[in-house]
Every structure is written in C-alpha cells, then in structure tokens.
Amino acid sequence: MKKLIIANWKLNPTTLKEAQRLAGSISSKAKNTVVLCPPTIFLSQVGFKNLGAQDCFWQERGAFTGQTSALQLKSLKIKYCIVGHSEKRATGDTDEMVNAKVKSLLENKITPVMCVGFGTTVEQDDLEVVDILRHQLDIGLKGVDASKVIVAYEPVWAIGTGKNASPEHAEKISLFVKTKYNASKVLYGGSVNLYNAKPFLDQPNIGGLLVGGESLIPSHFNQIINM
Ligand code: PGA
C-alpha cells in the first residue's frame with residue numbers, strides 16, 4: 001500500500017534557487033505519496049505537486065505581525081500543514097494553540113499534520129508514552145473530526161539526534177492513535193534515514209514518515225520515497 005512521506009525542510013535551504021533545485025531533484029513518480037514542506041517564504045515558488053507548510057496561525061486575517069494563515073495557504077493551493085512540531089512547542093505553542101490551528105486548517109480544507117511526542121527517553125515503556133500522548137491528543141483534537149487529521153508521532157529525543165524509536169514501539173503507538181482517535185493516518189518521525197526507514201514503512205499501522213534532515217539529501221530521500 002502507498003505510504004505518505006512528508007519532507008520537513010525546517011529552516012533550509014537558505015536561497016530560493018537552492019530550494020527550487022532541491023524540489024526539482026525529488027522524483028515526481030515515486031512509489032509513495034510525497035509532500036514537501038519548504039520554508040513558508042519559498043512555498044509559492046518551489047514548484048512541486050504536493051506542498052505543505054511547516055506551521056500556520058489560527059486567525060485568518062488581522063493585526064498579527066509575522067503570521068501566515070490557513071486562508072493564505074489555501075490561496076496558494078497548499079494541501080498540508082504541519083502543526084505542533086516540537087520545535088514550535090519549544091517556543092511556546094500549547095496544545096490549545098495546536099487545536100485552534102487544526103480547526104482553522106480544516107475550515108480551509110487543508111490537511112493538518114499534527115505532531116505529538118515529548119522529550120523523554122527511549123527507555124520509557126509503551127504504556128507510559130500512551131499516557132502522556134493522550135493528553136496532547138485529547139486537547140489537540142478536541143472538537144475536531146480526527147478522520148481528517150494526520151498525526152505524526154515524533155519522540156523529541158529522536159528528532160535530529162540520530163537515535164530513533166523502534167519500529168515495533170512506533171507501530172504500537174500508531175495503532176493506539178488510530179483506534180482511540182480515528183486519525184486518518186499516523187506517521188513516524190525522528191531521525192529517519194535511508195538505513196532505518198524500511199522497517200517503519202513495513203509496519204501495517206504506520207501510514208508513512210515525517211523526515212527532517214534526510215529529506216535534504218536527494219539521493220537518500222529519493223530512495224526512501226520508493227521503498
Ligand atoms: P529529523 O527531523 O528527521 O531530522 O530527526 C524530523 C522532524 O523534526 O520532523
């Protein structure tokens with residue numbers, strides 16, 4: 001079955017030319033569905049079939065300096081938007097803000113990719129993880145039709161560290177999120193690379209991957225999207 005592979009470029013690259021070159025080097029005929037999430041400033045000019053934003057604001061317009069709204073993303077035909085990434089939570093985004101962003105995206109027919117996860121260690125067992133995730137999911141999905149939301153499970157200790165969760169652990173969490181919350185898909189993210197991606201994609205309840213650093217290396221990313 002086709003999986004969904006989302007590239008989170010974060011604050012990379014630094015020029016429009018490089019962003020266009022990077023997008024142009026990603027195979028448009030991959031086996032899996034591919035979404036690129038470049039920095040907002042490049043969204044209108046990178047040119048790729050499926051594009052996502054890395055964040056949005058929950059108000060559509062008004063006196064909110066520096067923000068980008070779901071309504072504006074819709075005008076660029078952006079199909080997906082990441083919200084609640086741990087790097088945004090670290091700078092103040094709360095579960096309530098994430099919930100407001102999810103709602104605004106759905107009103108504008110953009111698929112939210114809601115990140116959940118937290119900064120504990122790999123040693124925590126599945127039940128402990130579920131207990132904490134439940135809090136993020138209960139608030140983040142409050143009053144929302146979760147069947148229209150993609151959830152990305154990203155343990156914070158795994159992001160950009162070269163350490164990843166086990167595919168079996170991620171599978172258990174994905175099954176929990178799907179059955180308890182009815183999310184449309186659950187992705188795994190956190191130090192996914194060419195060498196560890198396949199066992200995650202082989203899990204029946206993991207709907208795909210959210211890839212950071214490795215998505216900036218076309219020779220590697222092009223292999224992941226064809227696994
Ligand atoms: P990483 O980032 O793949 O570089 O760990 C994933 C993410 O933050 O979405």
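A search of the whole structure finds 1 cavity of 30 Å³ or more. On a 1 Å grid over the protein atoms alone, a cavity is a set of points where a 1.4 Å probe fits but cannot get out. The model is predicted: local features need pLDDT of at least 70, side-chain atom pairs count only at pLDDT 80 or more, and totals for chains, interfaces and linings use all residues. Residues are numbered from 1 along each chain as its sequence is written, and side-chain values use heavy atoms, with hydrogens and water left out.

**Cavity**

- The largest cavity holds about 40 Å³ of space. A volume is the space filled by probe spheres set on the points, which are joined across faces, edges and corners.
- Its lining is Gly84, His85, Ser86, Arg89, Cys115, Val116, Gly117, Glu154 and Val156. Lining residues have an atom within 4 Å of a point.
- Helix 3 (86-89) and strand 5 (111-116) each give at least two residues to this lining. Helices (H or I, at least four residues) and strands (E, at least two) are DSSP runs, numbered from the N terminus.
- By class, the cavity lining has 3 nonpolar, 4 polar and 2 charged residues. Ala, Val, Leu, Ile, Met, Phe, Trp, Tyr, Cys and Pro count as nonpolar, Asp, Glu, Lys and Arg as charged, and the others, Gly among them, as polar.

**Pockets**

- A pocket is an open set of points with protein on both sides within 12 Å along at least five of seven lines.
- The largest pocket has about 510 Å³ of space. Of its 24 lining residues, Pro39, Thr40, Gln54, Asp55 and Lys88 are the closest to its centre.
- That lining divides into 9 nonpolar, 9 polar and 6 charged residues.
- The second largest pocket has a volume of about 190 Å³. Its lining includes Lys2, Phe48 and Lys49.

- Strand 5 and strand 6 run parallel, joined by 4 bridges. Two strands pair if DSSP finds at least two bridges between them.
- Cysteine 115 has alanine 152 of strand 6 as its bridge partner.
- Strand 6 also runs parallel to strand 7 (residues 185-189), again with 4 bridges. Tyrosine 153 has tyrosine 188 of strand 7 as its bridge partner.
- From strand 6 the chain passes through helix 6 (residues 167-181) to strand 7, a right-handed β-α-β crossover. Right-handed means that, with the strands pointing away from the viewer, the path from the first strand over the helix to the second runs clockwise.
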